[in-house]
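User: Can you go through this one with me? I want to look at aromatic contacts and surface patches.
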Amino acid sequence: MISPHSARKATRVQEAPPPTGPPAWDGPAPPGHAAAQQRTTMERMRGLQGKVSIRWRLTVTYGGFVFLAGAVLLFTMYAIVGNAIVAGWPQIDTRGVDAIDAAIFQVKWAQAKELTVQNARDLLLQNALMALIGVAILALIIGYFVADRALKPVSQMTAAARKLSESTLAHQRIDLHGPDDELKELADTFDDMLTRLNIAFDAQRRFVANASHELRTPLTINRTVLEIALSDPEASADLKALGRTLLEVNARNEKLIEGLLLLARSERELAVRKPVDVQDVARTAVEQVTPFAEEHGVTISTDLGAAPTIGDPVLLERSVSNLLENAVKYNIPENGKVWIRTGMVDGGLVVQVANTGQHVPAYEVNSLFEPFRRLNADRVESAKGAGLGLSIVRAVVQAHGGNVTAVPRDGGGLVVTIRLPRR
């Protein structure tokens, strides 16, 4: 699916079988996929800590500090009560009492003192522990409401951020009222950032509109002039050869500009969102690319299942067409094959395109999604394309809330998988 170096001749290798079964992931699983790897106990604990919200972390922290303070107070009172009883314990007068009886009485008096201290401490500890548990529960409840009140401005900012879109940046702001504290400063900073984003989006819209006019118009005029010149029967053979060359260059420039404008449009928020079945989109794309594939001796095999979603049908069709066109362009010279499948896997929409072709190193795959990037930085056969096909695919998929991955195919070529949220 990518351009091989012109100096390298495609070698015939034993072809791997086409994809079979329902559409599935080839390569790393998408974020949140159910096929999680086995994790250690410490990793599970770290993962659990990351899932606890800041509201509950503040609540537990507040309750923990109150419980710790209560425990320190309890053990302090435990020591104070014992010392107070010992210090306040009365002394007995054994004057005029037989020495043996006095000694026995002193021992019993000391035992009574120790027993009183121990009983007082045990009773204090039992009652205080019950009170401490009650205070801890009350501290958690109070801590939750305190955290809720403290995080209310953050919740307001989150709600405002969720409502934001390219069309609402001009008037949607948080506009937080309250004391000039850290949260107010954060909200004001966020509002300033929204203003700068609105200015940037306005500049981008103006650029796309101006570029659409300023770049397409002269190229259209050049094509018209060249076609008129070529239609002149008195034109010399050299002039016609030069005109055809210039027409090819002009056509390439038109494709490049169209690709850049489409890429800019794809990276913006979707202007059209309506129910669409990617099965129909893929079928239309296959019909459009089939004549091009027949010219290159490439066979397209389809396995199209229902795949409903919500999005822009035109952009989705363009992304699938780009995958198919690249799969045809960068295929093997003879008896090339392309497979396309659509369907639902694990509750998500999947589009998968695989093709025969040159072997692609795994470390080169991710860079192919960058604009103007080709395998091994090859630009010799740049006439095959401008290097924007996969970049447009990634931009369209991300605008629809999905992701796209590519892995080398056994036997050569690529397997590109698009996953989108279902309707």
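This is a predicted model: local features need pLDDT of at least 70, side-chain atom pairs count only at pLDDT 80 or more; totals for chains, interfaces and linings use all residues.

User: Where in the chain do Trp56 and Tyr144 sit?
Analyst: Trp56 is in helix H2 (residues 54-88) and Tyr144 in helix H3, so the pair links distant parts of the chain, 88 residues apart.

User: What is the geometry between Tyr144 and Phe145?
Analyst: Tyr144 and Phe145 pair edge-to-face, with 6.0 Å centre to centre and 85° between the planes. Trp56, Tyr144 and Phe145 form one aromatic cluster.

User: Is Phe145 buried or exposed?
Analyst: Phe145 counts as exposed, at 55% relative accessibility. Trp56 is partly exposed at 45%, and Tyr144 is partly exposed at 29%.

User: Switching to patches. Which residues form the nonpolar one?
Analyst: Met130, Ile133, Ile137, Ile141 and Phe145, with about 550 Å² of accessible area together. Ile137 lies in helix H3 (residues 99-150) and is partly exposed, with a relative accessible area of 48%.

User: And which residues make up the negative surface patch?
Analyst: Asp180, Asp181, Glu182 and Glu185 form it.

User: Where is Asp180?
Analyst: Asp180 is in the loop between helix H4 (152-163) and helix H5 (182-230). Asp180 is exposed, with a relative accessible area of 74%.

Definitions and conventions:
Residues are numbered from 1 along each chain as its sequence is written. Side-chain values use heavy atoms; hydrogens and water are left out. Patches are made of residues with over 30% relative accessible area and no salt bridge: like charges are joined within 9 Å, nonpolar side chains (Val, Leu, Ile, Met, Phe, Trp, Tyr) within 5 Å. Accessible areas come from the Shrake-Rupley method with a 1.4 Å probe; for residues, only the protein chains shown count as cover. A salt bridge is a side-chain nitrogen of Lys or Arg within 4 Å of a carboxyl oxygen of Asp or Glu. Lys and Arg count as positive and Asp and Glu as negative; His and the chain ends are not counted. The place of a charge is taken as NZ of Lys, CZ of Arg, CG of Asp or CD of Glu. Helices (H or I, at least four residues) and strands (E, at least two) are DSSP runs, numbered from the N terminus. Buried means under 20% relative accessible area, exposed over 50%, partly exposed in between (1.4 Å probe, protein chains only). Rings of Phe, Tyr and Trp (its six-membered ring) pair if their centres lie within 6.5 Å; planes under 30 degrees apart count as stacked, over 60 as edge-to-face and the rest as tilted.
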